[in-house]
Amino acid sequence: MKHTTLIETIKRFNKLDALLLVLCSLFALWLYSRSSAGVNYTWHWRDALSLLFTPRADGSLPYFFQGLLSTLRLSLWGISLALVLGTLLGLTKFSSSSWFNKPANVFIQLVRNIPPLVFVFIFYFFISNQLIPLLGLETILRQYSSEISLFQEVLFGPANLWENLLSGVLCVGLLSSAYVAEIVRAGLQGIDKGQWEAADSLGMSTWVKYRYVIAPQVLRSITPALAGQTISLVKDTSIVSLISIQEMTFVGTEIANSSGYIFEIWLLVGLVYFLICFGLSTFFRYLENRHL
């Protein structure tokens, strides 16, 4: 079957997608008209946009775009950690050995049954403060004074915020890894028993069996669920604003409170989150169509 291109995928939105977009647009226009006519609110879009695009006093990127980059970094590294750790947890929980599946199940149940906000506070204040000294990372994360390259700054941000980045990545990554683990486990259990027996009868090693027989089938079946979890992780990065990590929600809060343009700033922040998540949704739909 011929592979669909990304352009074709974008063009193939179903009628429900189009209807939802129209309804959302109409609702936004209604809110806009009611805010102006009903509560006599005067919009300040030009001033709000000017605040977002104004460089900082030291000539660096505008504060809002620094927060946006921080959100993207948290998302990138958080997704990477969640996929790696979640896959390992899913494999261990699927294992028939109680030495592996019991600890994995305990971790998954703890993370999934504790509210994310509570988990973030517990992890940051009780674990992160002990984990960094234990790993011997104080010199790098808290006292790093050497020059960093542009490549390092793009991937990890300013050196004085590396500890914040690590804490945020661990929080969102560990939270998401428990859900990724369940997705992987369900994908493995969905493989027909005959596939496992056929691979074993051919004398395949464990690595070859998973690499060429099991993994392709699992990836095909769990792609939609992983897409949803990835998008959820991007939105969950806003939680770490509560522990003073300067991502987009934290920056938006400071700009809105200092300027007084509450509605404008938060609508713009919500729009940026929507564009990121909608872009990811389109990308995963493209990947899913390629595997059909």
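Colleague: What hand is the crossing where α4 passes α5?
Modeller: Left-handed, meaning the near helix is turned anticlockwise from the far one by less than a right angle. Helices here are DSSP runs of H or I with at least four residues, numbered from the N terminus.

Colleague: Before we go on, what am I looking at?
Modeller: A predicted model, where local features need pLDDT of at least 70 and side-chain atom pairs count only at pLDDT 80 or more, while totals for chains, interfaces and linings use all residues. Residues are numbered from 1 along each chain as its sequence is written, and side-chain values use heavy atoms, leaving out hydrogens and water.

Colleague: Back to the pair, then. At roughly what angle do the axes of α4 and α5 cross?
Modeller: Roughly 130 degrees, and the axes of α4 (residues 63-94) and α5 (residues 98-112) come within 7 Å. That makes α4 oblique to α5, as the angle is not under 35 (roughly parallel), over 145 (roughly antiparallel) or 65 to 115 degrees (roughly perpendicular).

Colleague: Which residues of α4 make the contact?
Modeller: L89, T92 and K93. On the α5 side there are F100, N101, A104, N105, F107, I108 and Q109; contact means heavy atoms within 4.5 Å.

Colleague: How many of the residues in that contact are nonpolar?
Modeller: The contact of α4 with α5 has 5 nonpolar residues, along with 4 polar and 1 charged.

Colleague: New topic. How many salt bridges are there?
Modeller: There are 4, counting a side-chain nitrogen of Lys or Arg within 4 Å of a carboxyl oxygen of Asp or Glu. One of them joins R112 and E182, at 3.3 Å from N to O. That pair links distant parts of the chain, with R112 in α5 and E182 in α9 (residues 162-189), 70 residues apart.

Colleague: Is E182 buried or exposed?
Modeller: E182 is buried, at 13% relative accessibility, whereas R112 is partly exposed at 35%. Buried means under 20% relative accessible area, exposed over 50%, and partly exposed in between.

Colleague: Which other residue forms a salt bridge with E182?
Modeller: R185 does, with the closest N and O atoms 3.3 Å apart. Those two are 3 residues apart in α9, so about one helical turn separates R185 and E182. Both are buried.

Colleague: Which residues make up the salt-bridge network?
Modeller: K93, R112, E182 and R185 are linked in it. K93 also turned up in the contact of α4 with α5.

Colleague: And what does D200 meet in a salt bridge?
Modeller: K209, at 3.1 Å from N to O. D200 is partly exposed at 45%, but K209 is buried at 11%.

Methods. Axes are lines fitted to C-alpha atoms, for helices over the stretch in contact, and angles run from 0 to 180 degrees between N-to-C directions. Ala, Val, Leu, Ile, Met, Phe, Trp, Tyr, Cys and Pro count as nonpolar, Asp, Glu, Lys and Arg as charged, and the others, Gly among them, as polar. Buried means under 20% relative accessible area, exposed over 50%, partly exposed in between (1.4 Å probe, protein chains only).
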